[in-house]
Amino acid sequence: MLAAPWVCRSCARSLRRSGVFVSLQLRKASTANPTLAGLPPVLIDRARKLAAEHQQLTKQLESDYEPTAAKRAGEISKVVAALQELDKTKAALDELNGLLESDDAELRQLANDDLDATKKHLETLGMNLSATLTPKHPFADMPCLIELHPGPGGTEGRHFADTLFRMYQKYCENKGYTARVLSYQEAEDRTPGLDGEVPISEAVLEVTDPGAFAAFRGEAGMHRVQRIPATEKQGRTHTSAVAVWVLPSFPENSTDAENDFNNPESDFYVDPTEVKSEKMRASGAGGQHVNKTESAIRLTHIPTGIQVSMQDSRSQSQNRERAWRLLRSRIASLRREQREAQAKDLRDSVLSQAQMSRGDKIRTYNYQQDRCTDHRSGLDVHNLPNVLQGGEILDKVINSVQSWLTAMDIRNLIAQEEAQARAAEGGSDKKKKGGK
Amino acid sequence: MSRVKPQLFWQGRKKLGLNAAKLLPVCRTLESTANELRWIKQHVAETPSIIPFGARVWKLCDKRGKGLPLAYVLGNQPFGDLEIKCQPGVLIPRTETESYTIHLSNILRRSAVSSSKSDPADQQPLNIIDLCTGTGCIPLLLYSQLSRSLPFQSLNVVGVDISQKAINLSRQNLHHNLGAHRFPAPSDKSKSHPLQRSLHFLKADIFSSSAVDPILSTPVCSEQCAAQEAEEQQQQQQPTWDLLTSNPPYISPSGFLVSTSRSVRNWEPKLALVPPVERVDLHQKHFYHHYYPDDENLLPTQKGNVEYEEEDVFFARLLEIARTYRPKRVLMEVGDMEQAKRVVGMVLGDGKLRKLYFGEGTEEEKGGTVQIWRDDLVGFEGYEEIMDIGKEKIVVKGHPEGHGRSVYLRRVGVVDA
């Protein structure tokens, strides 16, 4: 099984001897593949702490009612229930283990039968507990914007951006999401690609269902394509990439005060005085004097330098509204990222590779091998046409990413707890030293 | 206007096809050509016909290339969330108009909501009149924005224009947008309905009192209106127009030759752009009779601090209407900041209008508002600037880079939320 089609014997021998061969053979499909077999002690500790807090809160609530305490108790009651269930199952497992050592052969047989099922149950319960302990993403309930930007490298990436755009459109259709095209900009040169692809320079798809952000947030990152482009005359395989951004979008009719864009506390709040609006200002007076068709709107957020331009619609007010929406989403997601980066400083440095940024390659679509690989969950699927049609195989890939993200969130949480515990310990040590 | 570089033509032809060469002389940049070509193709794809696609696109590009405005080529123009049909002979709705209309509807909605919050029983009827309505874009958009679920007792919108073509087109626009279900239909007068809604377009010359008075006096009870002396007290209780809007012709004859773009000059109706000369002559006497009844022989340039140019004749007439019918809010589109200042000067120079819309006494006692709005108001409500006009300080709203676009008057005692 050599990567090259033919290697002469002496070369092959030298390769084998030097050990290069072995390393060549290793293809790393995934950069991280966390497993959650047993629960780490930190998580259990945290759950116990929460349970103790819950007990205290209920005792306090019995004597006098306080809304904030009641809210907190409601929040952590899920964790406590999961923990209790886990404890029960653990006790049952211990009992079974005890039975295994008994003299009765029949009993031993029975215990053996039960043991596997109980172990499995314990594992799912562990997952359950960690899932209840992981914090929910603050934008999880929101609609989202999916932005596609072809990477550098000419027409091929632009062609594939179109394919990805259609893939997400069809996926939304299949899953029953309502998707709306916010912007679809064709590139200037229009050589047709494979299957009638049109080169695009940028496209934005809005998925208006609440919770769409949670469903699509795993899609953000670089999507790599390996195939022979339509423009390639000599049959060489090219590799290009398309950047996909997933931004939370502000729901149109919302009463949620936390995410109201008029509320200065909200992530979506943008101070209009910080935004510069450039549009085609026709020379002369405007109004009745001219009837320009130029409807492009370009907004620049001065503090962050984020620039948004919209020119799809003939109506300037529609372009303006869309541009503001996009700008708000980008700023909100930037603020969120900044806050996450701050939280990251607390965490273990080992986990830094798990932090997903826009630059990381997350998925490969290989046409020659009819394969789609997700580099985070490590899932390798075939039947690429189905993936590109937004079929059930794509659903499988997206689900695998979802579970990977959950696992990642839990690991991050644990790391954070550990870091905090260490910091607290260090602090108390210092105090002790100071006391002496 | 600089020449379009020849290399743009072959670049356009290479990137966008032969049609681009047709559009380039009008669009002037490749970007704008690509956009217009896309919109033309979209339009052709959306309207079925037996003529082949390519031939229709070619024909429309040919028309556009000769300078015909895109809205006339495609037959429509988006305005807010509406689609307004356009025909040669009627002015095309402008984006500036769209911008302040949306802002205005927001003001009306907010103040209605806040007044109904403070007193749920106190639901007022809302009466809006638009003079020189053209395609009917302003009344249609206001109607569409305000007719959905609002705390009004009734909504009554009227559009007036002198041109039969414009009235026909505005009625077509009403039916076109109703057919597309963009807003709820006006309610039938005979049936009792919780929310009475009406939207009418009427033909009248606003300079002829006999034609326009019956229309203007509708929300006010007619018998009270007849008695001029009784008017002052009784109008306090009588329903009045809540909003008077107008986008009248405001370009001077010389400005029409110099500052308008070619497609406006060659294809759009002059009637909607330049006040007719005979109108100016006729009205000058009229105007000074109202403003300076005791001093008729004075020439316009000698009239103290009230400046007056011939293109402002419609504003003089509109202000005269405002004097008589005292609408709660008035919004007039103007050509530039200079004209806006002149219009504000006219308001301040007239004792009655000043009392009605500017108020008297110290800063705190003045209840009225005289404002100038710039382009780019939506999204930039925070921008404000004070300008000295005469002896008074006038608030100018909107992004500082925008042109002066409209003059907004609010009567003393009326509150905007």
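The model is predicted: local features need pLDDT of at least 70, side-chain atom pairs count only at pLDDT 80 or more, and totals for chains, interfaces and linings use all residues. Side-chain values use heavy atoms, without hydrogens and water, residues are numbered from 1 along each chain as its sequence is written, and chains are lettered from A and ligands numbered from 1 in written order.

The closest cysteine sulfur to that of C8(A) belongs to C11(A). The separation is 3.2 Å, too far for a bond, because a disulfide is a pair of cysteine sulfur atoms within 2.5 Å. Over all chains, the count by this rule is zero disulfides. C86(B) is likewise in no disulfide. Its nearest cysteine sulfur, that of C137(B), is 8.5 Å away. C86(B) counts as buried, at 5% relative accessibility.

In chain B, strand β11 spans residues 404–410. Helices (H or I, at least four residues) and strands (E, at least two) are DSSP runs numbered from the N terminus. Strand β11(B) is mostly covered: seven of its seven residues are buried.

Strands pair if DSSP finds at least two bridges between them. Strand β7(B), residues 329–333, runs antiparallel to β11(B) and is joined to it by five bridges. Here L331(B) has Y408(B) as its bridge partner. Strand β8(B), residues 369–374, is also antiparallel to β11(B), with six bridges joining the two. T369(B) stands opposite R410(B) of β11(B).

Conventions:
Buried < 20%, exposed > 50% of the residue type's maximum accessible area, 1.4 Å probe, protein only.
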